[in-house]
Amino acid sequence: MDNLESMLSEKRIFSPSTEFSERARIGSRAAFDALVAEAERDFEGFWARLAREFVTWDTPFSEVLDDSNAPFFKWFADGRLNVSVNCIDRHLPAKAEKTAIIGESDDGSVTHISYQELHDRVAKFANALKAQGIEKGDRVVIYLPMIPEATVAMLACARIGAIHSVVFGGFSAEALRDRINDTEAKMVITADGNMRGGKKVTLKGQVDKALEHGCPSVDTVIMLEHIGGVDTGASSAKELTWAEAVEGQPAECEPVMVEAEHPLFILYTSGSTGKPKGIVHSSGGYLVNAAMTCSWVFDLNDDDVYWCTADVGWITGHTYVTYGPLALGVTQVIFEGVPTYPDAGRFWDMVERHKVSVFYTAPTAIRALMKLGDEVPNQYDLSSLRLLGTVGEPINPEAWVWYYQVIGGGRCPITDTWWQTETGAHLIAPVPGAIDLVPGSCTLPLPGIMADVVDDHGHSVPTESGGNLVIKKPWPSMLRTIWGDDERFQRTYFPDNLPGYYLAGDSARRDQDGYIWIMGRIDDVINVSGHRLGTMEVESALVAHPEVAEAAVVGRPHDVKGETIVAFVVVKGDRPKGEAAEAMVKTLRDWVTEQIGPIAKPEEIRFGDNLPKTRSGKIMRRLLRGIAKDELPEGDTSTLENPAILDQLMGKD
Ligand code: PRX
């Protein structure tokens with residue numbers, strides 16, 4: 001759009017329209033401020049009120065926050081509930097006929113699943129899990145595509161108190177095996193494969209491979225026959241198809257009421273080391289924030305059609321596909337395919353056909369679709385939209401304004417939601433009927449979220465100064481620990497230098513209005529297309545290759561993906577050049593795909609005789625980040641043991 005730049009310079013602030021605010025749940029700044037004040041005045045009373053409003057408890061809680069063993073906080077600990085009852089049963093019979101899920105396949109076929117059907121499917125599958133010996137507390141790995149059955153499987157686990165761990169379908173057999181072994185899962189639920197962009201992708205083979213490499217805890221594999229016509233092989237575990245598993249199972253399953261603190265799921269995410277962290281979420285507290293943010297931030301109502309494009313393999317697909325929207329009893333779209341198949345208008349065509357009113361996606365998707373030109377979305381009727389959202393990475397103002405103008409027709413607020421796998425739900429995001437928007441800022445912490453930007457000693461930094469983003473008080477949906485590693489949990493998120501604060505791992509600044517601007521990660525984590533990856537994870541994969549001696553990985557800014565991966569590699573023997581180098585690049589890219597998955601594949605690999613290191617042997621990543629951008633590193637290089645290596649890695653040798 002020609003006028004994007006002028007819009008940006010003329011208009012910094014976008015206020016919610018009267019039309020939007022009038023029907024919004026929190027429809028004014030005064031109403032928002034009143035909630036903030038309520039939480040400050042009576043922190044526990046505020047959360048207790050919301051916990052009663054948004055969650056149906058089987059046994060009401062009497063205790064709100066137990067901080068006696070901080071940072072191992074407990075919320076609503078003597079309350080009992082069942083999450084699947086909250087997401088399904090409590091909407092029945094009133095919403096029995098209401099569509100819970102509109103499932104759209106890659107090929108465009110559509111199924112509508114009502115709340116009653118969802119109930120029956122979940123109950124049958126929960127009974128099937130029980131029949132295979134799954135009990136409360138057992139871990140079940142779900143390795144499924146983005147289809148309604150993924151949500152059914154998650155809710156079936158929740159119904160019987162089993163702890164699910166969803167592994168993104170794009171992760172390789174090796175990554176799957178590590179997650180199965182870390183959780184000691186008794187069962188894996190998978191599919192024969194899925195369709196993406198008209199192509200068949202097989203999944204079951206990865207499970208077989210993972211089990212072949214040793215997953216002693218797995219007794220049973222349940223496989224959904226989803227695409228048909230592929231060789232599904234056989235694993236070492238007992239195998240049955242989804243259809244066989246549910247055959248003859250009744251459509252009623254008594255829910256297991258669990259303590260509020262009972263783990264609902266474990267979800268792996270990347271950190272500063274080579275080993276992903278199994279983030280543990282609770283049942284009660286998690287659901288409170290999931291439902292409350294769907295209500296406040298997405299303003300979801302009974303007549304909305306909501307669509308979150310995230311995969312269930314990520315936290316967004318947990319909180320804003322399975323748990324939050326269903327807890328509110330809304331209708332949502334679940335889409336198996338990709339945004340550009342059969343053509344670049346797929347997303348907008350779906351918005352038109354399903355009359356989507358609230359749409360939530362990632363900046364990387366927005367930037368990719370923006371590149372295809374305005375004429376694509378302009379062919380569709382997008383007038384059903386009333387609210388847009390983004391998540392996963394900072395959104396650049398150009399993409400924001402395009403989303404606002406071309407997709408939202410200048411009518412829909414954009415809620416830029418900051419949160420993490422660890423936070424369970426949105427923590428900083430504009431409540432759209434109440435908060436003026438500034439493109440690029442996730443604006444203000446939600447009521448009850450005590451966010452601040454502090455220095456390394458925990459002191460608030462002045463306005464416009466960068467610092468560590470922290471949350472000064474616990475909140476109900478915070479992670480409870482890292483599975484099997486309480487010590488790493490404490491060290492990573494509640495470091496000794498910050499007095500009891502949750503350290504998010506992001507740097508941020510606040511502007512004069514108190515708005516928060518996320519500046520990026522402070523640890524060795526990179527964000528590729530909104531997917532979080534640890535540089536050490538990719539390095540560990542590279543050095544596991546028999547021909548690699550050493551590797552260092554950094555992120556390089558990318559105009560669509562946010563960041564891409566650049567790897568610097570030292571091989572055993574002579575540095576490869578010419579064709580040998582090209583062949584080695586291919587080998588290593590394939591290797592990383594096999595070890596982790598295609599999302600971790602380096603975009604570029606450069607070979608050196610060694611890596612830039614300090615005299616004490618520490619790799620100077622700061623320099624490598626510059627070299628990856630083809631910028632000769634600025635600043636002091638005098639501490640380098642081997643300064644000549646810089647020229648070599650810049651390609652001058
Ligand atoms: O760096 C922040 C970035 O994504 C990280 C969390 O990644 P993950 O746990 O995979 O969860 C992604 C989906 C919630 C954060 O530490 N991030 C997330 N949302 C935003 C963001 N950066 C800027 N703006 C956001 N809205």
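Leaving aside its neighbours within four places in sequence, with which residues is Asp630 in contact?

1. Basis of the note. This is a predicted model, in which local features need pLDDT of at least 70 and side-chain atom pairs count only at pLDDT 80 or more, while totals for chains, interfaces and linings use all residues. Residues are numbered from 1 along each chain as its sequence is written, and side-chain values use heavy atoms, with hydrogens and water left out.

2. Asp630. With neighbours within four places in sequence set aside, Asp630 is in contact with Arg606 and Met650; contact means heavy atoms within 4.5 Å. The side chains of Asp630 and Arg606 are joined by a polar contact of 3.0 Å. A polar contact is a pair of N or O atoms within 3.5 Å; within protein, one must be able to donate a hydrogen and the other to accept it, and residues adjacent in sequence count only if both atoms are side-chain atoms. Asp630 itself belongs to the loop between α20 (621-628) and α21 (644-649). Helices (H or I, at least four residues) and strands (E, at least two) are DSSP runs, numbered from the N terminus. From C-alpha to C-alpha, Asp630 and Leu144 are 40 Å apart in space, and they are 486 residues apart in sequence.

3. The ligand. The ligand is surrounded by 17 residues, of which the closest are Asp416, Thr417, Thr421, Arg521 and Arg532; a residue counts as near if one of its heavy atoms lies within 4 Å. A nitrogen atom of the ligand lies 2.7 Å from a polar side-chain atom of Asp416. A polar backbone atom of Thr417 is 2.8 Å from a nitrogen atom of the ligand. For Arg532, a polar side-chain atom lies 2.7 Å from an oxygen atom of the ligand. On its own the ligand has 540 Å² of accessible area, and the protein covers 95% of this; such areas come from the Shrake-Rupley method with a 1.4 Å probe, and for residues only the protein chains shown count as cover.

4. The shell around the ligand. The elements giving two or more residues to this shell are α12 (315-327), β20 (414-417) and β25 (516-521). By class, the shell holds 6 nonpolar, 6 polar and 5 charged residues. Here Ala, Val, Leu, Ile, Met, Phe, Trp, Tyr, Cys and Pro count as nonpolar, Asp, Glu, Lys and Arg as charged, and the others, Gly among them, as polar.

5. Helices α18 and α19. Val538, Ala541 and Leu542 in α18 meet Leu588, Trp591, Val592 and Gln595 in α19. The residues of this contact comprise 6 nonpolar, 1 polar and no charged.

6. Backbone features. The peptide bond between Ala70 and Pro71 is cis, with omega about 5 degrees, and Pro71 is placed in the loop between β1 (65-66) and β2 (74-75). A cis bond also runs from Tyr341 to Pro342, where omega is near 0 degrees. Pro342 is found in the loop between β17 (331-335) and α13 (346-354). Lys355, although not a glycine, has a positive phi of about 55 degrees; Lys355 is in the loop between α13 and β18 (358-361).
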